[in-house]
Amino acid sequence: LQDLPPKQRSIVPVSISDKEKERESRETMSQLSMARKAVTEITDLDADDVANSAQWEARRLLMQAYQASGVAKAPATTEYIIDWLEGSASTQKILVFAHHKEVLDYIETTISKKYKGKLGMMRIDGSVPPAERAIRVKKFQS
């Protein structure tokens with residue numbers, strides 16, 4: 001990996017433009033807050049199954065909130081990527097990581113529609129078998 005340029009990390013604030021998705025994200029965050037409060041109020045007198053149930057519910061809501069916010073931010077993130085692509089030399093490469101398949105789906109679909117096959121693009125996610133993944137990584141690095 002010596003051929004790669006230094007890694008650049010950027011935090012880019014994005015807005016959620018879809019008011020319904022924003023409302024859903026806020027509602028999930030509110031539920032998460034209540035679940036976390038319930039976990040802190042568990043006492044030694046509560047049964048283990050009550051404590052475990054409350055902790056699992058808080059964890060489930062955390063994952064739900066994490067995914068909801070990622071999906072809600074996908075349009076703004078994709079717009080940022082497109083702006084970067086349009087301002088970069090055609091020889092530049094970009095590597096995009098996402099935690100959720102639905103976010104990758106949105107980014108891939110939107111960019112594919114915009115560039116209609118004029119942009120070289122490949123995807124590596126958890127569904128790609130190891131042998132194919134190695135081929136794609138080698139192709140990206142060349």
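Which exposed residues does the face of H3 turned away from its buried side carry?

Author: Those are Lys101 and Lys113. A quick caveat before the rest: this is a predicted model, where local features need pLDDT of at least 70, side-chain atom pairs count only at pLDDT 80 or more, and totals for chains, interfaces and linings use all residues. Residues are numbered from 1 along each chain as its sequence is written, and side-chain values use heavy atoms, with hydrogens and water left out.

Now the helix (helices, H or I, at least four residues, are DSSP runs numbered from the N terminus). H3 runs over residues 101-115, so to speak 15 residues, and reaches 21 Å from its first C-alpha to its last, close to the 21 Å expected at 1.5 Å a residue; that expected span is 1.5 Å times one less than the number of residues.

Its buried residues are Val103, Leu104, Ile107, Ile111 and Tyr115. They sit on the same side of H3 because they cover an arc of only 100° around the axis, the arc being that of the directions from the helix axis to the C-beta atoms. Buried means under 20% relative accessible area, exposed over 50%, and partly exposed in between (1.4 Å probe, protein chains only).

What lies over that buried side? Helix H2 (48-86) is included in the cover, by contact, meaning heavy atoms within 4.5 Å. Threonine 78 belongs to H2 and counts as buried because its relative accessibility is 2%. Leaving out residues up to four places away in sequence, threonine 78 touches Tyr106, Ile107, Thr110 and Ile111. Just after H3, lysine 116 takes a positive phi of about 40°.

Technical notes. Helix = DSSP H or I, 4+ residues; strand = E, 2+ residues; numbered from the N terminus.
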